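Here are a few notes for when you have the model open. Skim them in any order.

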Amino acid sequence: MAVKTQLNKKDLCLLDATIDKLTVLADIAIHKDEFVERVQSLGFEMQEYKSNNYGYSHVFMHEHAGRIEIAEQRKLVDAQDLSRKRLKLIEDIKRAKQGQAHENALSIGEMESILENIQEQLAQCDERGCLDRLKDVRYEFNPKYYECFEGVREASQGALSMLDKQSQRISQIHLAFDYHVQISDLSIIDTKSRKETIIKGRTKKLETMYLGTRSGRNHVCIYDKKQENKDKGTLDQYGGLTKVTRFEARLRNDYARNFKEIDFNPFEGLLVYHLETIEQIGNDESMKWDEKAKLMYLLKNPSALNEMGKNVKPIWKKKLATLTRIDINPIEDFGQKKYSLVGKLESIIGKTLDSN
């Protein structure tokens, strides 16, 4: 089959592996007033609204070089109180999702956002259970824009150059692996049984898959990148292509801070098949019809694997693993690209990463 041969050529499939978003926390190395004056000279404009991130207040935005938030004052945080609020929010979210009454008047999305902020605060508490000092600055930006818009690299690097390197740490990093394939042509199976959210487009075909929770240390998002560019009116770096699927690992807290040293693959547990594999199954004379039927069903309905019993699931997982797959293997690609990504990251932030 000519099409399958083309799809299995890796240079035609993996388009790019890069850092899509980065959040850096650090203290200012110069006087705060001078910092504000200089970031404004770099094109960051002060916003009228204040930040929703705990402890930060003043917000400066640049059209393409990101968002800078400055701490208004340093505060002590009662970790025990935060833990109580966290448990209450988790219970309220659980009840809301089950359609049960709860005390919180906020939406599920609003509660999950608050929960995310609380968990980020708790991750920063010291051994006394208190967050005794915030970093002066929280800077969120997209390094990919360096190559796309004139002056963005200079503005971003200018802001980073005024931050104290010793206090600097990464609180969030998004790693994007782009493939030349349509997501609706794929069967994606998560063998780790994480929380799964599926979004389909108007044609009822798969457009987006979320694995894990937004507040977790590793949140995987797989989506139609071309459709996202179209919906949001954002920059399309693949203007000459008609189909691009992005596998994006969103790492937070210690997974982001210890990205270089930690022995962790964010895509572990993913099996990716092209639906052309169905033809392979149909032509396999060594399989019985009921085995073929089950495999085809699993490819079209991958979540069914997680509904199988613990004695049966490994058998069918092994059968799936023997099938020919399109050359999309984010687990393997992450392993091969990790240290080039580390190099890019160290180049961007201007320091060597360590595991502290």
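What share of the contacts in the chain with a separation of 6 or more comes from residues 24 or more positions apart?

1. Overall picture. The answer is 70%, for residues 24 or more positions apart among contacts with a separation of 6 or more; contact here means heavy atoms within 4.5 Å. The chain has 12 helices and 12 strands, taken as DSSP runs numbered from the N terminus (helices H or I, at least four residues; strands E, at least two). Of its 356 residues, 47% count as buried, where buried means under 20% relative accessible area, exposed over 50% and partly exposed in between (1.4 Å probe, protein chains only).

2. Ground rules. This is a predicted model, with local features needing pLDDT of at least 70 and side-chain atom pairs counting only at pLDDT 80 or more, while totals for chains, interfaces and linings use all residues. Residues are numbered from 1 along each chain as its sequence is written, and side-chain values use heavy atoms, with hydrogens and water left out.

3. H4 against H5. Helix H4 (residues 79-97) packs on helix H5 (residues 108-123) at about 155°, and the axes are 10 Å apart. Axes are lines fitted to C-alpha atoms, for helices over the stretch in contact, with angles running from 0 to 180 degrees between N-to-C directions. The pair is therefore roughly antiparallel (over 145 degrees; under 35 is roughly parallel, 65 to 115 roughly perpendicular, the rest oblique). On the H4 side, the residues that meet H5 include Leu82, Leu89 and Ile93, and their partners in H5 include Met111, Leu115 and Ile118. By class, this contact has 12 nonpolar, three polar and five charged residues. Nonpolar covers Ala, Val, Leu, Ile, Met, Phe, Trp, Tyr, Cys and Pro, charged covers Asp, Glu, Lys and Arg, and the others, Gly among them, are polar.

4. H10 against H11. Helix H10 (residues 289-300) and helix H11 (residues 313-321) cross at roughly 80°, their axes coming within 11 Å, so this pair is roughly perpendicular. Glu291, Lys294, Leu295, Leu298 and Leu299 of H10 meet Trp316, Lys319 and Leu320 of H11.

5. H6 and its cover. In helix H6 (residues 152-161), the buried residues are Val152, Ala155, Ser156, Gly158, Ala159 and Leu160. Have a look at what lies over them: the cover includes helices H3 (32-41) and H12 (330-349), along with strands E3 (56-62), E4 (66-71) and E5 (137-141).

6. Cysteines. Searching the whole structure turns up zero disulfides, a disulfide being a pair of cysteine sulfur atoms within 2.5 Å. Cysteine 13 counts as buried because its relative accessibility is 1%, and cysteine 221 is buried too, at 2%.

7. Two phi values to check. Most residues other than glycine have a negative phi. Lysine 204, though not a glycine, has a positive phi of about 70°. Lysine 204 sits in the loop between strand E8 (196-200) and strand E9 (206-211) and is exposed at 63% relative accessibility. Asparagine 253 has a positive phi of about 55°, but belongs to helix H8 and is buried, with a relative accessible area of 8%.

8. Glutamate 261. You'll find this residue in the loop between helix H8 (253-257) and strand E12 (270-274), partly exposed at 47% relative accessible area. Glutamate 261 and valine 342 are 81 residues apart in sequence, yet 9.9 Å apart C-alpha to C-alpha.
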